[in-house]
Amino acid sequence: MKPFSEIIQRSNPSKLRNVWRIQAGVKRFLITPAHVAIYKKKNQWLISKFLKDFKSLNWKIPSAYVLNFAHEDDLAWAEIPSSPDEISLKLSTDEIISPTNVDFYFHQPYDAKGKLTANSSFASINGVLYPSPESNLLEAIDVGFRGMSGAIAVKQGTQELVGMFVRRGTTLGLKEG
């Protein structure tokens, strides 16, 4: 395990899902993608069973997400009290304007057959983030798979959070004509 992997793992209060403690300024939050936190059933929005351990928190989701499901708005957060005993990742204030080496950390909740399990493994892969050409999001080539939603990206060798994985992109089609 990388020297700081255990520290990063301790910033995740869930043993099964990608829910992370982060610090932005003096405030602390839990974050996860909105599509992990809520779902719609019979025209009613419900908190996901994935967050049952955190259902007492006051979760917030951008209204734009529930209106149009835009990836830029796919975020759920809840402010949490400060505790000196708990590890939080520091939110980077640096803008990613050029390719940046990162480590993605995540819980892998699927077995080798693609079946959701009652357990998960804590894992990490390396990648490079760069600004998307036509959105406010960051992108990474050849990163992502089912169950990776909510993986965090930290600058390699640090505890600086630079992003959270929302979804795997679709492949680019061939140029027509």
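1. The structure, a predicted model, holds four salt bridges.

2. Glutamate 86 forms a salt bridge with arginine 21, with 3.2 Å between the closest N and O atoms. This pair joins distant parts of the chain: glutamate 86 lies in the loop between S5 and strand S6 (89-91), arginine 21 in strand S1 (residues 20-24), and 65 residues separate them. Arginine 21 counts as buried because its relative accessibility is 9%, under the 20% limit. Glutamate 86, at 35%, counts as partly exposed.

3. Glutamate 86 also forms a salt bridge with arginine 28, the closest N and O atoms again being 3.2 Å apart. Here too distant parts of the chain are linked, arginine 28 being in strand S2 and glutamate 86 in the loop between S5 and S6, 58 residues apart.

4. Is arginine 28 buried or exposed? Its relative accessibility is 4%, so arginine 28 counts as buried. The side chain of arginine 28 also reaches the backbone oxygen of serine 83, at 3.0 Å. Leaving aside residues up to four places away in sequence, arginine 28 touches residues including Arg21, Ile22 and Gln23, as well as Ala78, Glu79 and Ile80. Pro81, Ser82, Ser83, Glu86 and Ser88 are also among its contacts.

5. Strand S2 (residues 27-32), which contains arginine 28, pairs with S5 in the antiparallel sense over five bridges. Threonine 32 has alanine 76 of S5 as its bridge partner, and isoleucine 31 has tryptophan 77.

6. In a regular strand, side chains alternate between the two faces of the sheet. Strand S5 (residues 76-80) has a covered face made up of Ala76, Ala78 and Ile80. The uncovered face of S5 carries Trp77 and Glu79.

7. The sheet is open and has nine strands in the order S5-S2-S1-S6-S11-S10-S7-S8-S9, with mixed pairing. S5 and strand S9 (138-139) stand at the edges with a single partner strand each, so one side of each has no neighbour in the sheet.

8. A further salt bridge joins the side chains of lysine 155 and aspartate 94, at 2.6 Å from N to O. The two residues come from distant parts of the chain, lysine 155 from strand S10 (residues 152-155) and aspartate 94 from the loop between S6 and strand S7 (100-110), 61 residues apart. Lysine 155 is buried, with a relative accessible area of 17%, whereas aspartate 94 is partly exposed at 44%.

Key. Residues numbered from 1 in each chain as written. Predicted model: local features only at pLDDT ≥ 70, side-chain atom pairs only at ≥ 80, totals over all residues. Heavy atoms only, no water. Buried < 20%, exposed > 50% of the residue type's maximum accessible area, 1.4 Å probe, protein only. Helix = DSSP H or I, 4+ residues; strand = E, 2+ residues; numbered from the N terminus. Pairing = 2+ DSSP bridges. Polar contact = N/O pair within 3.5 Å; in protein donor to acceptor, adjacent residues only side chain to side chain. Contact = heavy atoms within 4.5 Å.
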